[in-house]
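Here is a short tour of one protein model, written for someone who likes to know the cut-offs. Have the viewer open and follow along.

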Amino acid sequence: MTTKLLSIDTNAKTVKGQKYGFMTGILYMSPSDLSGVNLCPMAKTAGCIDACLNMAGRGVFNNVQAARLRKAKLFNTDPQAFMLQLVKDIEALERKALKLGLTPLVRLNGTSDIRWENIKFEYEFMHGKKRDVTIFDLFPEIQFYDYTKISNRKDIPANYDLTFSYSGVKAYYSHVLKAIARGLRVAVVFRDKNKLPNQFMGLPVVNGDNSDIRHLDPARAVVALYAKGRARKDQSGFVVDSYPQFTFTVA
């Protein structure tokens, strides 16, 4: 049975991107170690397991969770078949976006945190030659983007935009500082969208909830997101209560 991998504008937030001319395909898989393999290596350190978006929106439905688990298990057990199906899905996204006059975007880590820049698979080109490639090699004209809690990712392809994901958990703080020092854009989940600081950790705050088009946001800025689903009740430090004491500058 063919497992469709990309969800195209099924997320209420990514649909907002259409008014800016973009159509977004997102890959959702079972996060953390729910599939038997940990696809979110920093989840425990960052304290984001309970607040994960996996259970937000359509994620509350059992059939959606089952589909995400199937995808994760396919990735874990047969990465070659998984990647070839992903190629087909991205090609379908391209065709659909073209018909509507939209620009395709692809977010690979909808509910995971995989270093896709390191994932290679064998691809047979039209002339019959086979070569190991990344998904970014095959689609250099497509903009990919993701949120990540891994602060030391390197050798990032030119068409892959990363936004670092903040958590205030003490054990994770060194990773936050490292990301800021590297000049990464930082996404911060605030509990109350009506109580946002103008700056957070010395960086200007911009609204990130009007769309999911992160690659157009400025670097060295905080992207303000708002708690959804289980995250509204999170007390781990992943979700920030945006009061003045949280607005401070890193020395």
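Over which residues does pLDDT stay under 50? This applies to residues 243–251, for which the model has 14 contacts beyond four places in sequence. Here pLDDT is the predictor's confidence in each residue, from 0 to 100, and contact means heavy atoms within 4.5 Å.

## Ground rules and confidence

This is a predicted model, in which local features need pLDDT of at least 70 and side-chain atom pairs count only at pLDDT 80 or more, while totals for chains, interfaces and linings use all residues. Residues are numbered from 1 along each chain as its sequence is written, and side-chain values use heavy atoms, with hydrogens and water left out.

The protein chain has an average pLDDT of 86, and 85% of the residues score at least 70. Confidence is highest in helix α5 (residues 135–138), at a mean of 98, and lowest in helix α1 (residues 12–15), at 77. As a friendly reminder, where pLDDT is low, the predicted coordinates should not be read in detail.

## The chain as a whole

Six helices and twelve strands make up the list of elements in the protein chain; these are DSSP runs numbered from the N terminus (helices H or I, at least four residues; strands E, at least two). Of its 251 residues, 50% count as buried, where buried means under 20% relative accessible area, exposed over 50% and partly exposed in between (1.4 Å probe, protein chains only).

The protein chain exposes about 12,500 Å², and carbon and sulfur atoms supply 53% of that area; the areas come from the Shrake-Rupley method with a 1.4 Å probe, and for residues only the protein chains shown count as cover. Among contacts between residues at least 6 apart in sequence, 64% join residues at least 24 apart.

## Two nonpolar cores

A nonpolar core is a set of buried Ala, Val, Leu, Ile, Met, Phe, Trp, Tyr and Cys residues joined through side-chain atoms within 4.5 Å. The largest one has 31 residues, and Met29, Ile90, Trp116, Ile135 and Phe144 have the most contacts inside it. Elements supplying at least two residues each include β1 (6–8), β2 (22–27) and α3 (62–77), and α4 gives the most to this core, with seven residues.

Apart from this core lies another, of 20 residues, among them Val169, Ala179, Val222 and Ala224.

## Around strand β11

Val186 has Val222 as its bridge partner, and Asn207 has Ala224.

Ala221 sits in the loop between β10 (203–207) and β11 (222–226). Ala221 is buried, with a relative accessible area of 1%, and touches Arg185, Val186, Leu203 and Pro204, not counting residues up to four places away in sequence.

## A buried arginine

Arg153 is found in the loop between β6 (143–148) and β7 (160–165). Is Arg153 buried or exposed? Arg153 is buried, with a relative accessible area of 2%.

The side chain of Arg153 makes a polar contact with the side chain of Thr148 (3.2 Å). Such a contact is a pair of N or O atoms within 3.5 Å; within protein, one must be able to donate a hydrogen and the other to accept it, and residues adjacent in sequence count only if both atoms are side-chain atoms. Not counting residues up to four places away in sequence, Arg153 touches residues including Asp113, Trp116, Glu117 and Arg182.

Key. Two strands pair if DSSP finds at least two bridges between them.
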